[in-house]
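Subject: Structure for you to look over

Hello,

Here is the structure I said I would pass on. Please open it first; my notes follow below.

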Amino acid sequence: MNRTVLAIETSCDETSIAVVRDGREVLANVVSSQIEIHQRFGGVVPEVASRAHLEALESVLTEAMETAGVGPDEIDVIAATHGPGLIGALLMGVTAAKTLALAWDKPYIGVNHMEGHLFATVLERPDIEFPLLVLLVSGGHTMLVSVAGFGRYEIVGRTTDDAAGEAFDKVARYLGLGYPGGPVIDRLAQRGDPTAIRFPRGMIDQGLDFSFSGMKTAVINYVRKHPEASDEDLAASFQEAVVDVLVTKALRAAKKTGARTICLGGGVAANSRLRVALAEAAEAEGFASLVPDRAFCTDNAAMIAAAAHWRFEVDGPTGLAGGAHSNLTLV
Ligand code: KG4
Ligand code: ZN
């Protein structure tokens, strides 16, 4: 069935609205980042985020509708990320979506943010074959998800402490490089030597779970002993250690679950080194790989619309009584 979804994403610090037709054709995907607002605090301040979403929503909506070239009549479903995320931030998107649903007389559906990240892969390859193994790495989550089909997920590995993105952000903060840390470390690493310092690879030989907290501490201890170390070499060596662990475990999980394709998702999937290393390792071991465009890796509403398209078919509307759930889980 032809269906055009308007989706709103406000779970953290990006205000995004997308219009997607049939779960795959992206007519608009407008993302307004709050990074500059939060930078002076060194991280996302939840109250500030909620207010910034409220202020941005109207103009982001106008831009998304204009870019898509559609009016309310051509929208069939209104979706919003309803969890997991910052509760105040989530409520802004959910309330905006429900208001539009009421005003335009359309059904409303709430979408799981993590399921959205999984659907980013489908936006680029609608014909992708299951089972897939998705390495989902963001600021709040690090997990290996075996996807047997839409809606059929098994988490086969997860972090036991920090998320990968959180480790990037904490190391960057310690080095005084600003927020968010991932993109800064990525940029600096391009001018550094990844073999300069051999940082530990947390739990690399065991199972499918991750531990990044010790790797972050190893960087801090190293800098205390070697204050002269260059930021470029520190960034490149730390990034190499994190990527090494992520790629090793993703391949191990793919072998274990019988997946033929390994996909990347989440904000850390924007990392240049991870994108190349995963594709190379997958090819060397006879797996296909799918690394979505960076715009679909970091938080965006197009992935929420893609998930909403499919969820709506299966579950129908959430209804206007639906709330926001900051601790919502994938399965
Ligand atoms: O998925 P996302 O946009 O928001 C969450 O749902 O958390 O991910 C944000 C995380 C941040 O920790 C950020 O530092 C990290 O993704 N990130 C990166 C890069 N771009 C964003 N990490 C490493 N390299 C990057 N290029
Ligand atoms: Zn995310």
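This is a predicted model: local features need pLDDT of at least 70, side-chain atom pairs count only at pLDDT 80 or more; totals for chains, interfaces and linings use all residues.

Pro131 is found in the loop that runs between helix 4 and strand 6 (132-137).

Pro180 belongs to the loop between helix 5 and helix 6.

One further backbone point concerns Asp22. This residue is not a glycine, yet its phi is positive, at about 55°. Asp22 is placed in the loop that connects strand 2 (14-21) and strand 3 (25-33).

Now to the ligand. Ligand 1 sits in the largest pocket. There are 19 residues around ligand 1, and those that come nearest are Gly139, Asp169, Asp186, Gly267 and Asn271. By residue type, the shell splits into twelve polar, four nonpolar and three charged residues.

Where does the shell around ligand 1 draw its residues from, in terms of domains? Domain 1 (4-118 + 297-315) and domain 2 (129-294) each contribute at least three. In terms of secondary structure, at least two shell residues come from each of helix 4 (113-124), helix 5 (164-174) and helix 6 (181-189). Helix 6 provides the largest share, with four residues.

These are the polar contacts with ligand 1 that I would look at:

- Asp186: an N or O atom of its side chain is 2.8 Å from a nitrogen atom of ligand 1. Asp186 is also among the residues that come nearest to the ligand.
- Gly165: a polar backbone atom of this residue is 3.2 Å from an oxygen atom of ligand 1.
- His117: a polar atom of its side chain lies 3.3 Å from an oxygen atom of ligand 1.

How much of the accessible area of ligand 1 does the protein cover? On its own, ligand 1 has 560 Å² of accessible area, and the protein covers 88% of that.

Regards

Technical notes
Residues are numbered from 1 along each chain as its sequence is written. Chains are lettered from A and ligands numbered from 1 in the order in which they are written. Side-chain values use heavy atoms; hydrogens and water are left out. A residue is near a molecule or strand if one of its heavy atoms lies within 4 Å of it. A polar contact is a pair of N or O atoms within 3.5 Å; within protein, one must be able to donate a hydrogen and the other to accept it, and residues adjacent in sequence count only if both atoms are side-chain atoms. Accessible areas come from the Shrake-Rupley method with a 1.4 Å probe; for residues, only the protein chains shown count as cover. On a 1 Å grid over the protein atoms alone, a cavity is a set of points where a 1.4 Å probe fits but cannot get out, and a pocket is an open set with protein on both sides within 12 Å along at least five of seven lines; lining residues have an atom within 4 Å of a point. A molecule sits in a cavity or pocket if more than half of its atoms lie within 2 Å of its grid points. Ala, Val, Leu, Ile, Met, Phe, Trp, Tyr, Cys and Pro count as nonpolar, Asp, Glu, Lys and Arg as charged, and the others, Gly among them, as polar. Domain bounds come from an automatic or database domain assignment.
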